[in-house]
Amino acid sequence: MWSFLLTLIFSHLHIISLKMVQTKESAVEERPKWDNKAQYLLTCIGFAVGLGNVWRFPYLCQIYGGGAFLIPYLIALVFQGLPLLYLELAIGQRLRLGSVGVWNSISPLLGGVGIASSIVSLLVSLFYNTILAWVLWYFFHSFQDPLPWSSCPLNENRTGYNVECEKSTAVNYFWYRETLNITPDIEISGSLQWWMVICLVSAWCIVYICVIKGIDSIGKAVYVTSTFPYLVLTIFLIRALTLPGATTGLVHLFTPRWETLLNPQVWLDAATQIFFSLSVAFGGLIAFSSYNAEKNNCERDAVLVGVINSATSLYASIPIFAILGFKANNAYLACLDKNILSLTNAFDIADQNITTDTYDQWVTYLNETYPDQVLKLSLDVCDLQDLLDQSASGTGLAFIVFTEAVISMPGSQVWAILFFVMLFSLGLSSMFGNMEGVLTPIKDFKLVPKWMPNELFTVIVFVLCCATALIFTLGSGNYWVEVFNSYVGSVPLLIIALFEIIGVIYVRGMKTFSDDIYYMTGRRPNIFWKACWMVISPVMLLVVFVAYVVVQAQKHPSYPAWNPDFEEFPKTEPKPYPDWVFAIIVLLCAVPVISIPLVAVYKLICRGMKKTSVDLNPYNNYAFEG
Amino acid sequence: MLDKILFLLCLAAALADQRCMPGAPQGFHVRLSIKTALGDEAYVWNENEMFLFRASLAFAMRNHMGGQQFEVSNIIVCNETERVSFWFVVTSPLDTSQLIDQENVEVAVRKSRNRINGAFLLNDKTLEFIGILPTLAAPFIPATPPWLIAFGVVMGAVGAGIIIMLVSSVVQRKRKANEKTRDEDNDEETRVKTVENGAARDGVYNMSFSEDERFTEM
């Protein structure tokens, strides 16, 4: 009888332990988590390191005095970027909810901040994926010999080259005509470009396959997408440093011009660059850190992500500028060669007697002996510094300047393929953050019906996004991408970040937040973090916001239009935005931000109504209501 | 007699030389850039090379104007410079006082341009016939645009990946549902029998060994 009792007890204990493990698993199942710390870090780094690190930072470095720009940049990183990053990672990890849930937990009046983040993430992902579609298009075209952007196509009767292409360059023609088929004005929408549509659908499909299982699939995808760009940058670095003219480019980039520090625009641009580069206020970082274990050292993570982001920007600018130096050098030599040819032909000098080395001596000699004839030749002025100063940022850098440089490098196809795959991985890992900023709040708020599996819900969201993004595949699509890029990804984010800091530090309270951090990392934040959160970062954000708005408001917004009928073609024609586009711009800035006051007012009204209604249930205890 | 013939020949030569000069209406200006094209392997331009040029031009004229036997002597060259540029005119083989008109020479040169270029290891840019524009090579247009092939490969892989992941998740979900029903069956058997009392559901169980989610997690 004892043995019977014992077996009964043991079997039930066994079942209890099984059940307890199962319930623990079912509780954890509701919130997925990262397989290991590396996945989390790589995802955050991938989100922060994006296309801007490659094509915006080197440009800013160059126009704002090279090495001197690093000073405002690093100051902005330390006093504005890192505190904001730490704040987002900490609050997400502590409250373990997506962006909307986190702000609802801090205070229901602040729920709008999360909604604003989600809306901004959604709008940004629409145009960001279009850029990835363009990268894909160039990637598919890199498998040809010769590269399609290396020469102009012939005109209809094969007597010469296409007129538009001849006036500009083959690279410009390929970008504006064969890729975008751009219309001369934003008001002329043109039609859907079928090749762009299929590239866009491909881009969305590739993002989908990586996001399909939430962070399970993202965590595995980032092993490749976050590390591959560094590999390619290193390969480019080694290749670029061996190209002729690379050192001129690098010297030009890093030579500090200290007088630029006196220009306030430099400080403003440094602050905005850090802010947008770290991808704070999107809600994606909060979502990612919410999947962490509770007791994780988020201080170290934040510093690591911030420092790696800036280091990547610096590291990327070296091969970019080496290659731009190579390109400028080539253009300079081509200019000289053209002049040499005119001189050789005009004066019947033996072939190759005038070389690029002896050019100056010959010119002075010929100017002395035959000045009239030399004047008649109208030789071009070849200035290397001038060519180096022709800088570009954004899509211009990647699709025009860089593709032109790649043609002159031996083995162009390999370099083109590597470059575009690198751009694609950079953009893809940022897209993960954007989409998580949209999907996680919806999942947290259980807006998805129970019968719908996650994959189906993700498909629906993606199909809707893809359909909306079709406007960017119209003839005027590029102009719309510029509109979204300049206005969605700027002012609303600054406002959201301001509310984030105020919400966490002043509404939740510095004391509660310090307790949170003590709970998670085992020590309270030191005086530096406290000073930044309470005073320095909000003040800096406010100053940046006000300055940004003032600078933008001073000029009526205009855009560069590619108009083949423009007198100064191939220069782009600056056109002002028409009124209806201006209204859309204002809407884009306002709609995300307006949810903050709207939600606050709505919650106040609800609370007011609740207080006035008579509550008959004696068990209702208001102390525990959110 | 002999002096008369000599005199006539000299006159003919003089006349011919007068017809070939820079800016001659029926002549063409030719420019070679040998060092640019060949670098270290450049050959020296001398009389033999000029002979080859005249011969290849005669060949071109023969090809175009079939029947007429152009000889090297029909190609008259003048005004050679250090640049390696010169003017030439073409005389008719039937009547050396007659010059072949410009259009015919142009068409002849165009037809045999590749052969002339090849004889000198040069191309259209380095062996220039001023006034005769090179016909632009038609770009090679493959049957299927290569980018569609790359696109097809990538999208095929992505599409296959999506289908595989969706199918595997559906299969996993079915397997989990099966396991859950099997586990619940097992639970039913081993659960200590209780009195299923509807009212007691809202109250507090006193069932030491039953699974109860209302217990707080440790």
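**Entry 1: a pair in chain B**

I started with Arg62(B) and Glu71(B), whose side chains form a salt bridge at 3.2 Å, N to O. I kept in mind that this is a predicted model. I looked up the cover on each partner. Arg62(B) has a relative accessible area of 34%, so I noted Arg62(B) as partly exposed. Glu71(B) is also partly exposed, at 42% relative accessibility.

I then checked for salt bridges that share partners, and I found one network that joins Arg94(A), Glu294(A), Arg508(A) and Asp516(A).

**Entry 2: Arg94(A) and Glu294(A)**

The side chains of Arg94(A) and Glu294(A) meet in a salt bridge, with 3.7 Å from N to O. I asked myself which parts of chain A this pair ties together. Arg94(A) sits in helix α5 (residues 70-95) of chain A, and Glu294(A) sits in the loop between α15 (284-290) and α16 (298-347), so the bridge links parts that lie 200 residues apart in sequence.

Arg94(A) counts as partly exposed because its relative accessibility is 24%, and buried would need a value under 20%. Glu294(A) is partly exposed too, with a relative accessible area of 28%.

**Entry 3: Lys571(A) and Glu568(A)**

I looked at one further pair in chain A. Lys571(A) and Glu568(A) meet through their side chains in a salt bridge of 3.9 Å, N to O. Lys571(A) has a relative accessible area of 53% and is exposed, because the cut-off for exposed is over 50%. Glu568(A), at 46%, is partly exposed.

I noted the general point that side chains of opposite charge can pair when their charged atoms come close. How many salt bridges does the structure hold over all chains? I wrote down 17.

**Entry 4: charges of chain A**

I then took the charges of chain A together. There are 35 positive and 44 negative charges, and their mean positions lie 18 Å apart.

**Entry 5: chain A overall**

I stepped back to chain A as a whole. I recorded 26 helices and two strands. The C-alpha trace spans about 120 × 60 × 50 Å along its principal axes.

I looked up burial next: 54% of the 626 residues of chain A count as buried. The accessible surface of chain A is about 27,300 Å², and carbon and sulfur atoms account for 66% of that area.

For contacts in chain A between residues at least 6 apart in sequence, I noted that 81% join residues at least 24 apart.

**Entry 6: helix α7**

I picked out helix α7 of chain A, which covers residues 111-140. I found 30 residues in α7, and a reach of 44 Å from the first C-alpha to the last, close to the 44 Å expected at 1.5 Å a residue. Is α7(A) mostly covered or mostly open? I found α7(A) mostly covered, with 27 of its 30 residues buried.

**Entry 7: Val232(A)**

I ended with a single residue. Val232(A) lies in helix α12 (residues 228-241) of chain A.

What does Val232(A) touch, leaving aside its neighbours within four places in sequence? I found contacts with Leu418(A) and Met422(A). I also checked Ala316(A), which is 84 residues from Val232(A) in sequence and 9.9 Å away in space, C-alpha to C-alpha.

Definitions and conventions: Residues numbered from 1 in each chain as written. Chains lettered and ligands numbered in written order. Predicted model: local features only at pLDDT ≥ 70, side-chain atom pairs only at ≥ 80, totals over all residues. Heavy atoms only, no water. Helix = DSSP H or I, 4+ residues; strand = E, 2+ residues; numbered from the N terminus. Buried < 20%, exposed > 50% of the residue type's maximum accessible area, 1.4 Å probe, protein only. Contact = heavy atoms within 4.5 Å. Areas by Shrake-Rupley, 256 points an atom, 1.4 Å probe, with all protein chains shown as cover. Lys, Arg positive; Asp, Glu negative; His and termini not counted. Charge placed at Lys NZ, Arg CZ, Asp CG, Glu CD. Expected span 1.5 Å × (residues − 1). Salt bridge = Lys/Arg side-chain N within 4 Å of Asp/Glu carboxyl O.
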